[in-house]
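Here is a short briefing on one protein chain. Look at the sequence and the model before reading on.

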Amino acid sequence: MSLPKIIHVIQSLDELKKLLKTSSDFLAPRVRMLIEIKKSEDKGVSKRDLAALVGVNHNSIQTWRSMYLS
């Protein structure tokens, strides 16, 4: 089993929470993913754990993380 990816989210937690309030149903899970990553930024979080926290498939998490990093 590999180590969780450590991703540094540029936005602050407050900015992400404000964005979540104004996000559409389509974008809200992606913003929730970024919030969870930000909360555990120092230790990292696996895509499967993120998927469970956000309530989506782990393949979606993988795609969204890659999109955020590019």
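This is a predicted model: local features need pLDDT of at least 70, side-chain atom pairs count only at pLDDT 80 or more; totals for chains, interfaces and linings use all residues.

Residues are numbered from 1 along each chain as its sequence is written, and side-chain values use heavy atoms, with hydrogens and water left out.

**Overall fold**

- The protein chain has 4 helices and 0 strands. Both are DSSP runs numbered from the N terminus: helices are H or I with at least four residues, strands are E with at least two.
- From the N terminus, the order is α-α-α-α.
- The radius of gyration, taken over C-alpha atoms, is 11 Å, close to the 11 Å that the globule rule gives for 70 residues, so the chain is as compact as a globular protein of that length. That rule is 2.2 Å times the number of residues to the power 0.38.
- The C-alpha atoms fill a box of roughly 35 × 25 × 20 Å along the principal axes.
- Of the 70 residues, 30% are buried. Buried means under 20% relative accessible area, exposed means over 50%, and partly exposed is in between (1.4 Å probe, protein chains only).

**Nonpolar core**

- A nonpolar core is a set of buried Ala, Val, Leu, Ile, Met, Phe, Trp, Tyr and Cys residues joined through side-chain atoms within 4.5 Å.
- The largest such core has 14 residues, and V9, L16, M33, L34, I37, L50 and I61 touch the most other members.
- α2, α3 (47–54) and α4 each supply at least two residues of this core. The largest share, 5 residues, comes from α2.
- Leaving aside neighbours within four places in sequence, M33 is in contact (heavy atoms within 4.5 Å) with L50, V54, I61, W64 and R65.

**Second largest pocket**

- Its volume is about 160 Å³, counted as the space filled by probe spheres set on grid points joined across faces, edges and corners.
- A pocket is an open set of points on a 1 Å grid over the protein atoms alone, where a 1.4 Å probe fits, with protein on both sides within 12 Å along at least five of seven lines; lining residues have an atom within 4 Å of a point.
- Its lining includes L16, M33, L34 and W64.
- α2 gives the most to this lining, with 4 residues.

**Residue N59**

- N59 lies in helix α4.
- At 47% relative accessibility, N59 counts as partly exposed.
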